[in-house]
Amino acid sequence: MEHPLFDLLLKGAEFSEVLDKAEMVLGNPVAFIDTAQNETTRSVHYPREDMEDKAYRRKQISDEEYQKDTDYVTALSRTGIPQVLVWPHIRRKRLICGCLVYGRHVGGIRLPDIGNRLEDMDMDLVQATARLIGMAYVLRNTRSEGENCLWNLLNNKLDASLVDLHTMFSASIPTWNNLCLLWFIPEYYPDYTSNLPLYQQAFARLSTCMTNYDQGFVILAGDEELRSHQPQLTQYLKDNRLTVGVGSPGNTLTALQRSYDQARCNLQSKPEDWG
(Lines give C-alpha, C1' and ligand atoms only; values in the text may rest on other atoms or scores of the structure.)
Protein backbone atom coordinates (compact mmCIF):
# COMPACT_ATOMS: atom_id res chain seq x y z
CA MET A 1 0.00 0.00 0.00
CA GLU A 2 1.34 3.43 -0.98
CA HIS A 3 2.18 5.69 1.95
CA PRO A 4 -0.05 8.82 2.18
CA LEU A 5 3.03 11.08 2.28
CA PHE A 6 4.13 10.04 -1.23
CA ASP A 7 1.69 12.40 -2.93
CA LEU A 8 2.89 15.35 -0.88
CA LEU A 9 6.51 14.66 -1.79
CA LEU A 10 5.63 14.43 -5.48
CA LYS A 11 3.80 17.76 -5.27
CA GLY A 12 6.75 19.42 -3.53
CA ALA A 13 4.65 20.27 -0.49
CA GLU A 14 5.90 22.61 2.20
CA PHE A 15 7.78 20.68 4.90
CA SER A 16 5.33 21.78 7.60
CA GLU A 17 2.51 20.31 5.51
CA VAL A 18 4.36 16.99 5.42
CA LEU A 19 4.58 17.03 9.24
CA ASP A 20 0.87 17.85 9.56
CA LYS A 21 0.00 14.94 7.27
CA ALA A 22 2.30 12.64 9.26
CA GLU A 23 0.36 13.61 12.38
CA MET A 24 -2.84 12.48 10.68
CA VAL A 25 -1.27 9.24 9.45
CA LEU A 26 0.17 8.30 12.84
CA GLY A 27 -2.66 9.71 14.94
CA ASN A 28 -0.12 11.58 17.05
CA PRO A 29 1.65 14.95 16.95
CA VAL A 30 5.12 14.85 15.35
CA ALA A 31 8.22 17.02 15.54
CA PHE A 32 11.23 16.84 13.21
CA ILE A 33 14.55 16.88 15.05
CA ASP A 34 17.74 17.78 13.17
CA THR A 35 21.04 15.97 13.67
CA ALA A 36 21.96 18.37 16.49
CA GLN A 37 18.73 17.36 18.33
CA ASN A 38 17.00 20.69 17.73
CA GLU A 39 13.28 20.82 16.94
CA THR A 40 13.09 22.53 13.56
CA THR A 41 9.44 21.85 12.64
CA ARG A 42 6.41 20.66 14.61
CA SER A 43 3.03 19.44 13.42
CA VAL A 44 0.02 21.60 14.03
CA HIS A 45 -1.16 19.95 17.27
CA TYR A 46 2.22 19.36 18.88
CA PRO A 47 1.72 20.07 22.63
CA ARG A 48 3.26 23.28 23.91
CA GLU A 49 3.93 21.79 27.34
CA ASP A 50 6.29 19.24 25.83
CA MET A 51 8.53 22.09 24.71
CA GLU A 52 8.14 23.77 28.08
CA ASP A 53 9.20 20.55 29.82
CA LYS A 54 12.30 20.35 27.65
CA ALA A 55 13.27 23.92 28.57
CA TYR A 56 12.63 23.20 32.25
CA ARG A 57 14.67 19.98 32.19
CA ARG A 58 17.57 21.80 30.55
CA LYS A 59 17.75 24.11 33.58
CA GLN A 60 17.76 21.17 36.02
CA ILE A 61 20.77 19.27 34.61
CA SER A 62 24.42 20.07 34.04
CA ASP A 63 25.97 20.75 30.66
CA GLU A 64 27.79 17.43 30.87
CA GLU A 65 24.58 15.50 31.53
CA TYR A 66 22.77 17.36 28.76
CA GLN A 67 25.50 16.52 26.24
CA LYS A 68 25.54 12.89 27.37
CA ASP A 69 21.77 12.64 26.87
CA THR A 70 22.02 14.32 23.46
CA ASP A 71 24.70 11.90 22.33
CA TYR A 72 22.61 8.97 23.57
CA VAL A 73 19.49 10.07 21.69
CA THR A 74 21.54 10.74 18.55
CA ALA A 75 23.02 7.25 18.70
CA LEU A 76 19.53 5.73 19.03
CA SER A 77 18.21 7.90 16.20
CA ARG A 78 20.97 6.76 13.85
CA THR A 79 19.69 3.18 14.05
CA GLY A 80 16.38 4.16 12.45
CA ILE A 81 14.60 1.92 14.95
CA PRO A 82 11.66 3.41 16.92
CA GLN A 83 12.36 3.73 20.65
CA VAL A 84 10.15 4.85 23.55
CA LEU A 85 12.01 7.00 26.09
CA VAL A 86 11.18 8.36 29.54
CA TRP A 87 13.13 11.31 30.98
CA PRO A 88 13.19 12.98 34.41
CA HIS A 89 11.34 16.34 34.43
CA ILE A 90 9.49 15.42 31.21
CA ARG A 91 5.82 14.66 31.82
CA ARG A 92 5.25 12.71 28.61
CA LYS A 93 6.85 9.61 27.24
CA ARG A 94 8.41 10.16 23.83
CA LEU A 95 8.78 7.88 20.86
CA ILE A 96 11.77 8.72 18.67
CA CYS A 97 12.74 7.31 15.29
CA GLY A 98 15.65 8.30 13.08
CA CYS A 99 15.06 9.50 9.52
CA LEU A 100 17.37 7.50 7.27
CA VAL A 101 17.63 8.37 3.57
CA TYR A 102 19.52 5.62 1.72
CA GLY A 103 21.26 4.80 4.98
CA ARG A 104 22.20 8.42 5.72
CA HIS A 105 20.94 9.83 9.01
CA VAL A 106 19.41 13.25 8.31
CA GLY A 107 17.48 13.76 11.55
CA GLY A 108 14.64 12.11 13.40
CA ILE A 109 11.03 12.39 14.48
CA ARG A 110 9.65 12.68 18.00
CA LEU A 111 6.14 11.69 19.05
CA PRO A 112 5.04 12.81 22.54
CA ASP A 113 2.56 10.68 24.48
CA ILE A 114 -0.89 12.32 24.22
CA GLY A 115 -2.78 9.47 25.85
CA ASN A 116 -2.13 6.86 23.19
CA ARG A 117 0.04 3.90 24.12
CA LEU A 118 3.18 4.68 22.16
CA GLU A 119 4.37 1.10 22.64
CA ASP A 120 1.29 -0.14 20.74
CA MET A 121 1.82 1.99 17.64
CA ASP A 122 2.53 0.36 14.27
CA MET A 123 6.31 0.64 14.32
CA ASP A 124 6.63 -0.30 10.65
CA LEU A 125 4.40 2.65 9.81
CA VAL A 126 6.44 4.89 12.12
CA GLN A 127 9.66 3.87 10.35
CA ALA A 128 8.16 4.33 6.88
CA THR A 129 6.84 7.76 7.88
CA ALA A 130 10.22 8.76 9.32
CA ARG A 131 11.97 7.77 6.08
CA LEU A 132 9.61 9.87 3.97
CA ILE A 133 9.90 12.84 6.33
CA GLY A 134 13.68 12.52 6.01
CA MET A 135 13.37 12.51 2.23
CA ALA A 136 11.15 15.60 2.34
CA TYR A 137 13.73 17.31 4.54
CA VAL A 138 16.56 16.49 2.13
CA LEU A 139 14.53 17.68 -0.86
CA ARG A 140 13.74 20.93 0.90
CA ASN A 141 17.39 21.58 1.66
CA THR A 142 18.95 20.41 -1.59
CA ARG A 143 19.75 23.00 -4.24
CA SER A 144 21.53 22.68 -7.57
CA GLU A 145 24.86 24.44 -8.05
CA GLY A 146 23.13 27.17 -10.05
CA GLU A 147 20.45 27.62 -7.39
CA ASN A 148 23.13 27.86 -4.70
CA CYS A 149 24.96 30.53 -6.71
CA LEU A 150 21.72 32.46 -7.21
CA TRP A 151 20.90 32.17 -3.50
CA ASN A 152 24.35 33.47 -2.59
CA LEU A 153 23.97 36.31 -5.09
CA LEU A 154 20.64 37.35 -3.56
CA ASN A 155 22.16 37.28 -0.09
CA ASN A 156 25.23 39.27 -1.16
CA LYS A 157 27.61 36.40 -0.40
CA LEU A 158 29.60 36.44 -3.65
CA ASP A 159 32.97 38.15 -4.08
CA ALA A 160 32.98 40.12 -7.35
CA SER A 161 36.73 39.64 -7.77
CA LEU A 162 36.36 35.86 -7.72
CA VAL A 163 33.17 35.45 -9.76
CA ASP A 164 33.02 34.37 -13.40
CA LEU A 165 29.30 34.53 -14.15
CA HIS A 166 29.52 32.51 -17.39
CA THR A 167 31.22 29.65 -15.57
CA MET A 168 28.97 29.94 -12.53
CA PHE A 169 25.68 29.68 -14.43
CA SER A 170 26.78 27.70 -17.51
CA ALA A 171 24.83 24.58 -16.49
CA SER A 172 21.57 26.50 -15.93
CA ILE A 173 21.85 29.16 -18.65
CA PRO A 174 24.26 27.87 -21.36
CA THR A 175 24.24 30.89 -23.71
CA TRP A 176 23.70 34.55 -22.82
CA ASN A 177 25.06 38.05 -23.32
CA ASN A 178 23.20 39.72 -20.46
CA LEU A 179 21.36 38.23 -17.52
CA CYS A 180 18.21 39.52 -15.90
CA LEU A 181 16.45 38.81 -12.60
CA LEU A 182 12.72 38.20 -12.50
CA TRP A 183 11.09 38.04 -9.08
CA PHE A 184 7.48 36.96 -8.64
CA ILE A 185 5.17 36.30 -5.70
CA PRO A 186 1.94 34.23 -5.77
CA GLU A 187 -0.88 36.64 -4.97
CA TYR A 188 -3.37 34.22 -3.39
CA TYR A 189 -1.26 31.26 -2.24
CA PRO A 190 0.21 31.73 1.25
CA ASP A 191 1.92 28.30 1.26
CA TYR A 192 3.91 29.38 -1.78
CA THR A 193 6.78 26.89 -1.66
CA SER A 194 4.50 23.90 -2.30
CA ASN A 195 4.11 25.08 -5.91
CA LEU A 196 7.86 25.20 -6.62
CA PRO A 197 7.87 22.14 -8.97
CA LEU A 198 4.95 23.65 -10.91
CA TYR A 199 6.81 26.92 -11.46
CA GLN A 200 10.06 25.15 -12.28
CA GLN A 201 8.29 23.24 -15.03
CA ALA A 202 6.49 26.33 -16.32
CA PHE A 203 9.70 28.36 -16.60
CA ALA A 204 12.02 25.52 -17.68
CA ARG A 205 12.33 26.82 -21.27
CA LEU A 206 13.36 30.21 -19.97
CA SER A 207 15.79 29.09 -17.26
CA THR A 208 16.40 26.27 -14.79
CA CYS A 209 18.08 28.70 -12.38
CA MET A 210 15.28 29.41 -9.90
CA THR A 211 15.05 29.55 -6.13
CA ASN A 212 12.35 30.37 -3.60
CA TYR A 213 13.23 33.59 -1.82
CA ASP A 214 11.51 36.07 0.51
CA GLN A 215 7.88 34.97 0.07
CA GLY A 216 8.28 34.26 -3.63
CA PHE A 217 10.62 33.06 -6.36
CA VAL A 218 13.55 34.52 -8.23
CA ILE A 219 14.58 33.41 -11.72
CA LEU A 220 17.86 34.27 -13.38
CA ALA A 221 17.52 34.22 -17.17
CA GLY A 222 19.12 35.54 -20.31
CA ASP A 223 17.72 38.95 -21.22
CA GLU A 224 17.06 37.99 -24.86
CA GLU A 225 15.29 34.77 -23.81
CA LEU A 226 13.17 36.70 -21.35
CA ARG A 227 12.05 39.15 -24.02
CA SER A 228 11.38 36.46 -26.62
CA HIS A 229 9.07 34.66 -24.18
CA GLN A 230 7.41 37.83 -22.89
CA PRO A 231 3.92 37.24 -24.42
CA GLN A 232 3.67 33.71 -22.99
CA LEU A 233 5.10 34.84 -19.66
CA THR A 234 2.66 37.72 -19.43
CA GLN A 235 -0.27 35.38 -19.94
CA TYR A 236 1.06 32.76 -17.50
CA LEU A 237 1.70 35.35 -14.79
CA LYS A 238 -1.78 36.79 -15.27
CA ASP A 239 -3.51 33.39 -15.27
CA ASN A 240 -1.73 32.32 -12.09
CA ARG A 241 -2.11 35.67 -10.30
CA LEU A 242 1.62 36.21 -9.87
CA THR A 243 2.90 39.64 -8.91
CA VAL A 244 6.15 40.24 -10.79
CA GLY A 245 9.16 42.52 -10.71
CA VAL A 246 11.89 42.60 -13.37
CA GLY A 247 15.33 44.18 -13.11
CA SER A 248 17.51 45.65 -15.85
CA PRO A 249 19.94 43.30 -17.68
CA GLY A 250 23.63 43.06 -16.92
CA ASN A 251 26.71 40.87 -17.27
CA THR A 252 28.56 41.61 -14.03
CA LEU A 253 27.89 40.71 -10.43
CA THR A 254 27.34 44.36 -9.53
CA ALA A 255 24.84 44.70 -12.36
CA LEU A 256 22.91 41.63 -11.21
CA GLN A 257 22.77 42.89 -7.66
CA ARG A 258 21.38 46.14 -9.04
CA SER A 259 18.95 44.11 -11.16
CA TYR A 260 17.64 42.43 -8.03
CA ASP A 261 17.13 45.78 -6.28
CA GLN A 262 15.19 47.02 -9.31
CA ALA A 263 13.10 43.83 -9.43
CA ARG A 264 12.15 44.40 -5.80
CA CYS A 265 11.18 48.03 -6.52
CA ASN A 266 9.22 47.02 -9.63
CA LEU A 267 7.35 44.22 -7.92
CA GLN A 268 4.02 45.98 -8.26
CA SER A 269 4.42 46.65 -11.97
CA LYS A 270 2.40 44.82 -14.62
CA PRO A 271 4.17 42.41 -17.01
CA GLU A 272 3.02 44.48 -20.00
CA ASP A 273 4.87 47.46 -18.51
CA TRP A 274 8.29 45.76 -18.79
CA GLY A 275 10.71 48.07 -20.54
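His89 sits in the loop between S3 and S4, where helices (H or I, at least four residues) and strands (E, at least two) are DSSP runs, numbered from the N terminus. Although His89 is not a glycine, its phi is positive, about 70 degrees. Its relative accessible area is 38%, so His89 is partly exposed; here buried means under 20% relative accessible area, exposed over 50%, and partly exposed in between, with a 1.4 Å probe and protein chains only. Please keep in mind that this is a predicted model, in which local features need pLDDT of at least 70 and side-chain atom pairs count only at pLDDT 80 or more, while totals for chains, interfaces and linings use all residues. Residues are numbered from 1 along each chain as its sequence is written, and side-chain values use heavy atoms, with hydrogens and water left out.

Tyr102 also deserves a look: its phi is positive, about 50 degrees, although it is not a glycine. You will find Tyr102 in the loop between S4 and S5. With 81% relative accessibility, Tyr102 counts as exposed.

## The chain as a whole

The chain holds 11 helices and 9 strands. Of its 275 residues, 48% are buried. Taking contacts (heavy atoms within 4.5 Å) between residues at least 6 apart in sequence, 63% join residues at least 24 apart.

H4 covers residues 63–79, and its 17 residues should span 24 Å at 1.5 Å a residue; the end C-alpha atoms are 25 Å apart, which agrees. The expected span is 1.5 Å times one less than the number of residues in the helix. Asp69, Thr70, Val73, Thr74, Leu76 and Ser77 are the buried residues in H4. They cover an arc of only 165 degrees around the axis, which puts them on the same side of H4; the arc is that of the directions from the helix axis to the C-beta atoms. Glu64, Lys68 and Arg78, on the other side of H4, are exposed.

What lies over the buried residues of H4? The cover includes helix H3 (48–60) and the strands S3 (83–85), S4 (94–101) and S5 (104–112). After H4 comes Gly80, with a positive phi near 75 degrees. Elsewhere, the charged end of Arg58 sits over the ring of Tyr66, 4.2 Å from its centre. For this, NZ of Lys or CZ of Arg must be within 6 Å of the ring centre and within 35 degrees of the ring normal.

## Two nonpolar cores

A nonpolar core is a set of buried Ala, Val, Leu, Ile, Met, Phe, Trp, Tyr and Cys residues joined through side-chain atoms within 4.5 Å. The largest has 27 residues, and Val18, Val30, Ile109 and Ile133 have the most contacts inside it. Two or more residues come from each of H1 (5–11), H2 (15–26), S4, S5 and H5 (123–141). H5 gives the largest share of this core, 7 residues.

Which residues does Val18 touch, leaving aside its neighbours within four places in sequence? They are Leu5, Leu8, Leu9, Ala13, Ile133 and Ala136. A second, separate core has 23 residues, among them Leu154, Met168, Ile185 and Leu220.

## Aromatic pairs

Rings of Phe, Tyr and Trp (its six-membered ring) pair if their centres lie within 6.5 Å; planes under 30 degrees apart count as stacked, over 60 as edge-to-face and the rest as tilted. By this rule there are 8 aromatic pairs. The ring centres of Trp183 and Tyr260 are 5.7 Å apart and the planes are at 45 degrees, so the pair is tilted. This pair links distant parts of the chain, with Trp183 in S6 (residues 179–186) and Tyr260 in H11 (residues 253–265), 77 residues apart. Both Trp183 and Tyr260 are buried.

Phe203 and Tyr236 have ring centres 5.5 Å apart and planes at 80 degrees, so the pair is edge-to-face. Phe203 is in the loop between H8 (196–202) and S7 (210–212) and Tyr236 is in H10 (residues 230–239), so the pair ties together parts that are 33 residues apart in sequence. Phe203, at 1% relative accessibility, counts as buried. Phe184, Phe203, Phe217 and Tyr236 form one aromatic cluster.

## Helix H11

The 13 residues of H11 reach 19 Å from the first C-alpha to the last, close to the 18 Å expected at 1.5 Å a residue. Buried in H11 are Leu253, Ala255, Leu256, Ser259, Tyr260 and Ala263. Their arc around the axis is only 155 degrees, which puts them on the same side of H11.
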